[in-house]
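Colleague: I would like to learn how to read a two-chain model such as this one, feature by feature. Could you take me through it, giving the general idea and then the case at hand?

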Amino acid sequence: MMRSPSHRVAAVRSAALMLAASALAALALTACAPPPPPFNATEVKGIDYGRGLGIADTEGRIRRLEDFKGEVTLVFFGFTRCPDVCPTTLLRLRQARTAVGPDADKVRVLLVSVDPERDTPAVLGAYVKNFDPSFVGLRPEPADLPKVIKAFHAIAEKVPVGDAGDYTVDHSGTIYVYDRRNRMRLIARPDFDITKFADDLRRLAQEKS
Amino acid sequence: MSFRLAFTSLALVTASALVLAPTAAGQPAAGISIENAWTRATAPGQAVAGGFMTVVNATAAEDRLMRASSPAAKEVQIHNTTMDDGVMRMRPMADGVAIPAGGRVEFKPRALHLMFMGLQAPLAAGTTVPVTLEFARAGKVSATFRVDAVAAPAAAPAAPAKPAAPATHDHHSMNHEQ
């Protein structure tokens, strides 16, 4: 039995609809390949904090971000007379770095002193190496400190404590994470979750440099 | 030189952490007792160290930690650390710290802590630091602070009672905020 023309049109239409639907489904599966899962820390793009800056390490060599090309580089501000947050953070950074696993040696931690007047190179060097021999202490000249702080849009303020002219330094707790191509990719708070932060660092360490 | 020192002390520290038993550091005095008092090993030349503990007040009256002192440091201050808008601040607690009746107050990293200022010598892991705490009501209470290894990976679980162990207790922390 022959179909009436209207029937035929309907059949063609529904076939076309089905085709279109399956094409759309296929498109959804292929064209929209699943995006990489987000990092745990806050992702940033196009931020060039610290670029071109040269700061002396505890051996007196001027170090620049570019010197650490090929390494996932973490920059953190602190000082050796910070008895609580800085040691806690450095210890946790060590734990996160260790948790990265076989690629841990591609992760570098730089501590920039916000108290260069009291953090002599010897004191700062011993301090960071006490946490991890791979950590590097950077000590801006006191006159350069404001410039360094500004380059990271950070804060460091001396605050008097007690009466003997002693002071502490309020400072930014942010950890700036650069990938192996020196691009700032993540910012983390010092209360990061060690395991999740290690996952982030491992991912960056496995990217091409 | 300092490099080698750091390595050597690291090894010593790790070894001593293994034999370090989590001892009860406090001696109860007039209803105030100190639990799990600890500090961290320091590097040569490091002038300060943080002290952490739990103060337990078994009495029916509020007490107040007013002062602290130790032969290991020129001065021991009572501090609090806060973090607002990504800025870390540390402030002396000028009026001391209230210990509620029947309550306990934790002194832990990134919060209330003692600050040993002007260390007479580096604190070596496996040793202890005597501290005298002075309370408004209970008077002087002595406590023994254990010196934990800085870099021992087991630093956190070394003392099961340690409430502030960062490695095992921060799984719920968020790190999406800036």
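Colleague: Which residue of β5(B) does A:S172 stand opposite?

Modeller: A:S172 stands opposite B:V87 in β5(B), and A:H171 has B:M88 of β5(B) opposite. Helices (H or I, at least four residues) and strands (E, at least two) are DSSP runs, numbered from the N terminus, and two strands pair if DSSP finds at least two bridges between them. Here strand β8 of chain A, residues 167-172, pairs with β5(B) in the antiparallel sense over two bridges. This is a predicted model, in which local features need pLDDT of at least 70 and side-chain atom pairs count only at pLDDT 80 or more, whereas totals for chains, interfaces and linings use all residues. Residues are numbered from 1 along each chain as its sequence is written, and chains are lettered from A and ligands numbered from 1 in the order in which they are written.

Colleague: With which strand of chain A does β8(A) pair?

Modeller: Strand β7 of chain A, residues 156-160, pairs with β8(A) in the antiparallel sense over five bridges; in this pairing A:P160 is opposite A:Y167.

Colleague: How should I read the contact between the chains as a whole, and how many residues does each chain give?

Modeller: The size of an interface is often given as the accessible area lost when the parts come together. Here residues are counted instead, with two residues in contact if their C-beta atoms, placed from the backbone, lie within 7 Å. The contact takes 38 residues from chain B and 43 residues from chain A. On the side of chain B that touches chain A, the elements giving two or more residues are α1 (2-19), β2 (48-57), β4 (73-84), β5 (87-92), β8 (112-119) and α2 (166-169) of chain B. Of these, β5(B) gives the most, with five residues. The residues of that side of chain B divide into 21 nonpolar, twelve polar and five charged, where Ala, Val, Leu, Ile, Met, Phe, Trp, Tyr, Cys and Pro count as nonpolar, Asp, Glu, Lys and Arg as charged, and the others, Gly among them, as polar.

Colleague: What is the make-up of each chain in helices and strands?

Modeller: Chain A has five helices and ten strands, and chain B has two helices and ten strands, with the elements of chain B running α-β-β-β-β-β-β-β-β-β-β-α from the N terminus on. A residue is buried if 20 or more other C-beta atoms lie within 10 Å of its own, exposed if 12 or fewer, and partly exposed in between, with C-beta atoms placed from the backbone. By that count 45% of the 209 residues of chain A are buried, and 43% of the 178 residues in chain B.

Colleague: In what order do the six strands of the open sheet in chain A lie?

Modeller: The order is β1-β10-β9-β4-β5-β6 (chain A), with mixed pairing. The edge strands, each pairing on one side only, are β1 (42-43) and β6 (136-138) of chain A. Within the sheet, β4 (residues 72-78) and β9 (residues 175-178) of chain A pair in the antiparallel sense over four bridges, and A:V75 has A:Y176 as its bridge partner in β9(A).

Colleague: Which helix holds A:V123, and is A:V123 buried or exposed?

Modeller: A:V123 lies in helix α3 of chain A, residues 121-131, and counts as buried because 24 C-beta neighbours lie inside 10 Å. Leaving aside residues up to four places away in sequence, A:V123 touches A:T80, B:G45 and B:Q46.

Colleague: How does the span of α5(A) agree with its number of residues?

Modeller: The expected span of a helix is 1.5 Å times one less than its number of residues. Helix α5 of chain A (residues 194-205) has twelve residues and should therefore span 16 Å, which agrees with its end C-alpha atoms being 16 Å apart. Among its buried residues are A:F197, A:L201 and A:L204.

Colleague: Which residues have the most contacts inside the largest nonpolar core?

Modeller: A nonpolar core is a set of buried Ala, Val, Leu, Ile, Met, Phe, Trp, Tyr and Cys residues joined through C-beta atoms within 7 Å. The largest has 91 residues, and those with the most contacts inside it are A:L111, A:V177, A:L201 and B:F116. A:L201 touches A:V72, A:A96, A:V100 and A:V107, not counting residues up to four places away in sequence.
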